[in-house]
Amino acid sequence: MRQRWIVGVAVVLALLLLAVAGGRFGVSTATSTPNLEGLIKAKGLTPDQVRAAVQTFVPPGKYDEYLMFASGGQSGQVLVFGMPSMRLLRVIGVFSPEPWQGYGFSTETQGILREQAQAREALTWGDTHHPAISETNAEYDGQFLFINDKANARMAVIDLRDFSTKQIVRNPNAYSNHGAVVSPNTEYILEGTQYAAPFPFKYVPLTQENYNTHYRGLATFWKFDRAKGRIDPSRSFQIELPPYWQDLSDFGKFESDGWVYMNSFNTERAIGGTLAKQPAMEIGASARDMDYMHVINYKKAAELIAQGKGTTVNGIKVLSLKDAVANGVLYFAPEPKSPHGNDIAPRGDYIVVGGKLDPNVTVYSHKKIQQAIKDKAFSGTDPYGVPILAFDRVMEAQVKIGLGPLHTQFDDRGNAYTSLFLDSAVAKWTLGAPYKKGGDAWKLVDKLPVQYNIGHLAAVTGDTAKPGGKYLVALNKWSVDQYTNVGPLFPQNFQLIDISGDKMVLLSNTPVGLAEPHLVQIIPLEKVKSWAVYPEVGTNPLTMKLDPNATTIGKERIVRKGTTVEVWMTAMRSHFTPDRIQVKKGDTVILYITNIERAKDAIHGFAIDRYNVNLSLEPGKFETVRFVADRAGVFPFYCTEFCSALHLEMAGYLEVAP
Ligand code: RUQ
Ligand code: CUA
């Protein structure tokens, strides 16, 4: 029996090879058949595994069909993979210095990490959770990528022309955040505060009474200026929210455009205190059966801010909770216990919520919510006066899919896919009309075990108006037996799943041995128009324009002004010009270096020994380094990229005279 299918698979593959080779060369290569069969046999592969291997294999010189942007978790980075091969293509430094890119070493990138010098100190890590690709008409446009830092309530902007971080903004009124989602045309990037804190920011002792009255959550709408490629804090705003722990959110689109749905948990307002015999945080925070989905009319909020309703708190406009309630900006819809994912269906009509402690996904209808608001169909108000919509008036369906539902994504055929943390599985279920009708609607249709404890999942363009429906990735927190031990810190496990058929099919495992990625976004390769070289020799990666200090051949020079020594330098295979720099101890040295190469991949590095200077100079790139020569000696500097046969000779000396 076993024998037979191995032969069967081998024959299919051999025929495939024959067809390809025959087409190319017009000859038969029948001798390769036994090898292939032997390989399959020796590895004990099943037909499904052989099919999966062929399906995900990208031959040398060929490209992947999709790019996958993954958060780099505690590494503070973004990881870029090709899909379906799942090969790692790039690491982008965001909230941590990244030496290969020279990120955090040049004056330009130090400025980004220090948040344009606003911060007193440069933080050296971030907890990246949610990458979000910029959108046009609710579809990824491939121009920018945003990502949040949960640990320090920051948001970063990455330009996908050169896959580099351009800006980090810090939330002036929040310590932590969760979620980064963009509005359908990227006017705003939204983050919720995860853990409520005193508002405005100061020391307020943590008693229950203080917590209830002085602690608050916030929804922060960062205004994005697409032309500048930057967040504009002066046109951003916040909405004050009760001290519940606001979690993930999603922007409405089409019929729900202008609205935002945001989960919250710990509506119990638990504050912990285990040593004082108070219930542990997680017990206190999951005592009630229902929490509140925040229903936010953010267009209205933006209007009110524009009319001057907001107060400026630490440099950002804030719409008060009172004004939000009085003006119909904020409503609550009850949602099952400890919700997590909040995901809006492709047409903007349904909102899917996964309640971690409920076996159902709960689906709300945007239309019903709007009707209930009109009819004032409230079941009460919360302690802060926020009207609570009657659950049965806004809920469209509950679909029993399994234990621990978290996040949901969609395909192009009316199906939804939800991660089940406790079940360690992906559930595929159907949406209702207009996606699926009658008996086909709101039904669990397939379930696939994953290894193990899945957090997020993401499908190709699976949270946009046009889901791709081909692949899905399960982002598993535990890998247990899937990889060999590499010490007790186990890799995370990405699993690639084919969702193009009726049944989900597991294709491959990819270990991620770097941190805990939370979410990924998957975009067709051709949508990202990235540069192979900087378009103009001397492009400053911060301004993306020709820098006034860029140097051309023959214009290199060293100029001393008082105790400042400025060096205009070029780099090309295989030398730096100048290759000797003489300064005095205590001088401020400023290097302006231009890589004048035009050839793809002709990258140079620039490092000065013992001075913590390390740059990456891609073709056409300009960078500045500034440091005080506070140690006397003779310090070699050299190119750190093996760029040419005489790469080792691409070096020079910095002489610092005592
Ligand atoms: S999280 S595992 Cu998105 Cu930060 Cu859900
Ligand atoms: Cu330039 Cu090595």
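Helices (H or I, at least four residues) and strands (E, at least two) are taken here as DSSP runs and are numbered from the N terminus. The structure is a predicted model, in which local features need pLDDT of at least 70 and side-chain atom pairs count only at pLDDT 80 or more, while totals for chains, interfaces and linings use all residues; side-chain values use heavy atoms, with hydrogens and water left out. Residues are numbered from 1 along each chain as its sequence is written, and chains are lettered from A and ligands numbered from 1 in the order in which they are written.

On these terms, the protein contains ten helices and 46 strands. Its radius of gyration, taken over C-alpha atoms, is 28 Å, close to the 26 Å given for 658 residues by the globule rule (2.2 Å times the number of residues to the power 0.38), so the protein is as compact as a globular protein of that length. The C-alpha trace spans about 75 × 75 × 50 Å along the principal axes of the protein. Of the 658 residues, 58% count as buried, where buried means under 20% relative accessible area, exposed over 50% and partly exposed in between (1.4 Å probe, protein chains only). With contact defined as heavy atoms within 4.5 Å, residues 24 or more positions apart account for 61% of the contacts that have a separation of 6 or more.

The accessible surface, computed by the Shrake-Rupley method with a 1.4 Å probe, amounts to about 27600 Å², and 56% of this surface belongs to carbon and sulfur atoms. For the charges, Lys and Arg count as positive and Asp and Glu as negative, with His and the chain ends not counted, and each charge is placed at NZ of Lys, CZ of Arg, CG of Asp or CD of Glu. The mean positions of the 68 positive and 65 negative charges are 1 Å apart.

Strands are regarded as paired if DSSP finds at least two bridges between them, and strand S8 (residues 178–182) pairs with S9 in the antiparallel sense over three bridges. Within this pairing, valine 182 has isoleucine 189 of S9 as its bridge partner. The two strands S8 and S9 form a hairpin with five residues between them, and threonine 186 in the turn has a positive phi of about 60°. Five of the five residues of S8 are likewise buried, so S8 too is largely enclosed by the rest of the structure. S9 also pairs with strand S11 (residues 215–225), in the antiparallel sense and over five bridges, and glutamate 191 has threonine 220 of S11 as its bridge partner.

One joins phenylalanine 199 and proline 200, with omega about -10°, and proline 200 is found in the loop between strand S10 (197–198) and helix H5 (208–214). Another joins threonine 577 and proline 578, with omega about 0°, and proline 578 lies in the loop between strand S39 (575–577) and strand S40 (580–584).

Positive phi values also occur in loop residues other than glycine. Valine 480, with phi near 40°, is placed in the loop between strand S31 (471–476) and strand S32 (492–498), and is partly exposed at a relative accessible area of 46%. Asparagine 612, with a positive phi of about 55°, belongs to the loop between strand S42 (604–608) and strand S43 (613–617), and is exposed, its relative accessible area being 63%.

Proline 658 is located in the segment after strand S46 (651–657) and counts as exposed at 88% relative accessibility. Leaving aside neighbours within four places in sequence, proline 658 is in contact with Lys585 and Ala632. Proline 658 and aspartate 127 are 531 residues apart in sequence, and their C-alpha atoms are 43 Å apart in space.
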